[in-house]
Amino acid sequence: MLSILVLVFWCTMNTLLVLRERRVASLEQYRAGVTTFLGNAFFRERWMSIHRKSKYLGYTGGTLEKTFTTDGIAIWQTLESRVEIDPLGPIEISGTLVSDQELHPLTLTVSVQTNTLQAQVTGHRSGSKFSVQVKNNLLPLPTLELPLEELLLGDALGPSFPIAGFKVGEKLDVPCFDPLTLKRDIAQVRVVSREVKEFDGILVDAYQLETAFKGIKSRSWVNDAGELLLAELGPPLQDYVLRRTTKADIQKLEKR
Amino acid sequence: MTPLQSILRMRLASLWNKALNLRTDSLTKSMIVVFGLGNVIGLGFWVSHACFNYIESFPAFGTALNAKMITTLFFTLFILVVLSTVIVAYATLFLARETDFLFQHPIPPETVLGVKLTEAIAFSSWATLFLCYPVLASFGWLRRAPPIYYFEATVVLMTFLLFAGFTGTAIVLLIAPVVRRLTGRQLLAAGCLLLAFLGWTFLRSFDFWAMDGEKSQLMVLDRFMSRISTMNSPYFPGQWASSAIFAASAGQHGEALFHCATLLANTLIFVPLFAAYARRHYGAEWLAARERPAAIRLLNQDESEAQGTGASEGSRRITRMRPQNPLQALLLKDILIFLRDPAQLSQSLLFVLLMVIYSLSLVRIPTFGGSLQLVVHFANLGAVCMILSSFTSRFIFPLVSLEGRAFWIVGMAPVTRGYIVRQKAFFGLGVSLTLGLSTIAVSNISLQSPPGLFLGAMYSVLCSGVCLTSLATGLGAAYPIFDEDNPARIAVGLGGTLNFFASALCVGFVIGLEALPYLCFGQAPQPVWIYASHFLALAFTLCLAAFCHRLGSQSLLRRDF
């Protein structure tokens, strides 16, 4: 009797394991990348300081967290960004995007503030669509009806992908909500090469990525674990460089 | 009362009697062991926490590297515990005297297998549990894990060790009939092939050859941790264990439970399989193994079978030798006994393999300069001395005990008891210095150490070798276990554990003395300070050797047989 129980237990656990791995293997590129990025960590954060010709201009960053709720798995993506861009002046963005395990958005809350614009963006599921309402001080905007698909929350300078497990030559199209233009657009990523990159005096194996979003092309370097080490923006934001840092270092830079 | 209850009662009674027989001297010994164990746990926690903290401080790199280190830890544990169980389980299940005793009673074979299996796994993994738990605890501390993490980590580690132990036992049960059918020479060739294959796989997997020219040690370490694909497979038990640890440290208990349950399910499945094996085959296999133990065949093959060549020739040559003096006679006897014991022979081969792999793994290590060169030099010295310390604890310490109840024969020989202790020490010294000096020479050539450091390392290993052998023979003679025929059990007894801690302390002291001039006066101390440290190390070695010899001799002299 005990042997049968053990056998049933063994079959159950191994079947669950195989099913789980099959599900991960069958994921689309972006979801598989996010799953690899989170790995066993459940919580990842990424903070980048923004510089132009060695001058500190601000920061951008956020967290990605996998939580287990009674309704299933939820992925929380938070964003916090503050940067001065010519000629727009200071831009402050903060927000949270909650997605289900398919990475389809459940809720969205974003607050945007520039010299001229003050906007509150909220989003929620509405049938097979994702409705986004924008309240701002300039002009009334109609509700955006986005398709229910994977969605990434971008920042003032474009999206940074919470992805790991790249392969050279790989191409990726990721739908992204741009809080500055308050629109959804597709970000295209291409893995150009794998190279040894010096970062803060340490040599690291990194992938070089080329990203195109809203006409701006950028180059970035990401390590095996998906950590964004460095990003260089192209025209019209040339000379803008994003360097990987920590939240504590950003606080020090902000105090100066 | 069931047979299992009877055996458990017998074990408890034996433990109780041992506790009652604790004399002042044994109590002191127990206290030292407990103190030593506490220190090892504390030191393990502190060192691993410092390492994790250091690596975590590297931006964009450290967190992932620490996670890889935990995965590598489980991978290494799996290999070590499986290998260790393979050796211990074969001797315990098929060759031990107590197994004969249990089979003489009306006890079902599955009970015998269960009891002996528990014993084998406990012996092969208890040290691993004590050494690895502090590492996992320090990882939890680093990640600010909730208090329940420490309980979850204990469960995961114990389940994992049990899984590795069961896997090792399953390998033994599968290969035992095949091994028995091989001739001595075939067995030796198969063993060498297997060791060569394992060594090649290890080196190939980590791809040391591709690391030429890399100047970043962290990158080398990262690549080192990422190369083995088995380690990262979601179907590898080490991956389940490490995933459970990561989930528990992040407070995701449901996820931790899933991985731990997967590990447990794959561990428990061995139980009905072993029970079925025991009912159908164990008795017959035990009988067959007793008829012609492989290692005995290795040395005592039939005249017709051996055809005058190979190991049997060597064995005959040893037995026919006419020793010129008592030292030679006792040495020949010890060599013969050692070669006749399959457990001793196979484990010593594993040690040699470990030393070869260690030396080879340094071949492509980048050349270091400045203070880092000194750090690597002393770390290498420490590693070689610790391997040597394990060797003396495992093989030299049990030498006196292995004389067994027949010690009275040696005791009646026309030599003093001190002479016997000296003879064991010289025998051990010959083997340990050969291994230690060759390993330190190869590793220093690989590290391209300058002549001064090279000679200093050779000198340190010489001193450490003498200290370790003296401790092992002295304490082995002072705390012998004549009733035990399994050297692995003798080595992990109270005296063996005491010897292990004393050896670790001694190695630390000798290396500390040798490193003192560099610690006090920087990278290039004046030669006089280096000579002074050499002199102090020599003085310590001679004092310790004299003390251990006296301790062992007097203890044997006071003993009745």
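**Figure 1. Overview of chain A.** Of the 256 residues in chain A of this predicted model, 47% are buried, where buried means under 20% relative accessible area, exposed means over 50%, and partly exposed lies in between (1.4 Å probe, protein chains only). The secondary structure of chain A consists of 3 helices and 15 strands; helices (H or I, at least four residues) and strands (E, at least two) are DSSP runs, numbered from the N terminus. Contact denotes heavy atoms within 4.5 Å. Among contacts in chain A between residues at least 6 apart in sequence, 42% link residues at least 24 apart. Chain A has an accessible surface of about 12800 Å², and 54% of that area belongs to carbon and sulfur atoms. Accessible areas come from the Shrake-Rupley method with a 1.4 Å probe, and for residues only the protein chains shown count as cover.

Residues are numbered from 1 along each chain as its sequence is written, while chains are lettered from A and ligands numbered from 1 in the order in which they are written. Because the model is predicted, local features need pLDDT of at least 70 and side-chain atom pairs count only at pLDDT 80 or more, whereas totals for chains, interfaces and linings use all residues; side-chain values use heavy atoms, with hydrogens and water left out.

**Figure 2. Overview of chain B.** Chain B contains 24 helices and 0 strands. Buried residues account for 50% of its 561 residues. Among contacts in chain B between residues at least 6 apart in sequence, 79% join residues at least 24 apart.

**Figure 3. The crossing of helix 5 and helix 6 of chain B.** The axes of helix 5 (residues 109–142) and helix 6 (residues 148–181) of chain B come within 9 Å and cross at roughly 145°. Such axes are lines fitted to C-alpha atoms, for helices over the stretch in contact, and angles run from 0 to 180 degrees between N-to-C directions. Helix 5 of chain B passes helix 6 of chain B in a right-handed crossing; a crossing is left-handed if the near helix is turned anticlockwise from the far one by less than a right angle, and right-handed if clockwise. Residues of helix 5 of chain B in this contact include Leu117(B), Ser125(B), Leu136(B) and Trp141(B), and those of helix 6 of chain B include Tyr149(B), Leu157(B), Gly165(B) and Thr169(B). By class, the contact has 17 nonpolar, 6 polar and no charged residues. Here Ala, Val, Leu, Ile, Met, Phe, Trp, Tyr, Cys and Pro count as nonpolar, Asp, Glu, Lys and Arg as charged, and the others, Gly among them, as polar.

**Figure 4. The loop residue Arg144(B).** Arg144(B) is placed in the loop between helix 5 and helix 6 of chain B. Its phi is near 50°, a positive value in a residue other than glycine. Arg144(B) is exposed, with a relative accessible area of 74%.

**Figure 5. The largest nonpolar core.** A nonpolar core is a set of buried Ala, Val, Leu, Ile, Met, Phe, Trp, Tyr and Cys residues joined through side-chain atoms within 4.5 Å. The largest such core has 69 residues, of which Phe74(B), Phe94(B), Leu136(B), Ile245(B) and Tyr282(B) touch the most other members. Contributors of at least two residues each include helix 1 (2–25) of chain A and helix 3 (62–95) of chain B. Helix 3 of chain B provides the largest share, 14 residues. Not counting residues up to four places away in sequence, Phe74(B) touches Leu136(B), Leu157(B), Phe160(B), Gly238(B), Ala241(B), Ser242(B) and Ile245(B).

Figure 6. Ser242(B) lies in helix 10 of chain B and, at 0% relative accessibility, counts as buried. Leaving aside neighbours within four places in sequence, Ser242(B) is in contact with Ile70(B), Thr71(B) and Phe74(B). Ser389(B) belongs to helix 18 (residues 370–396) of chain B and is buried, with a relative accessible area of 0%. With neighbours within four places in sequence set aside, the contacts of Ser389(B) are Leu468(B), Phe500(B), Ser503(B), Ala504(B) and Val507(B).

**Figure 7. Gln252(B) and its contacts in both chains.** Gln252(B) is located in the loop between helix 10 and helix 11 of chain B. This residue is buried, with a relative accessible area of 14%. Not counting residues up to four places away in sequence, Gln252(B) touches Phe42(A), Lys66(A), Phe68(A) and Ala247(B).
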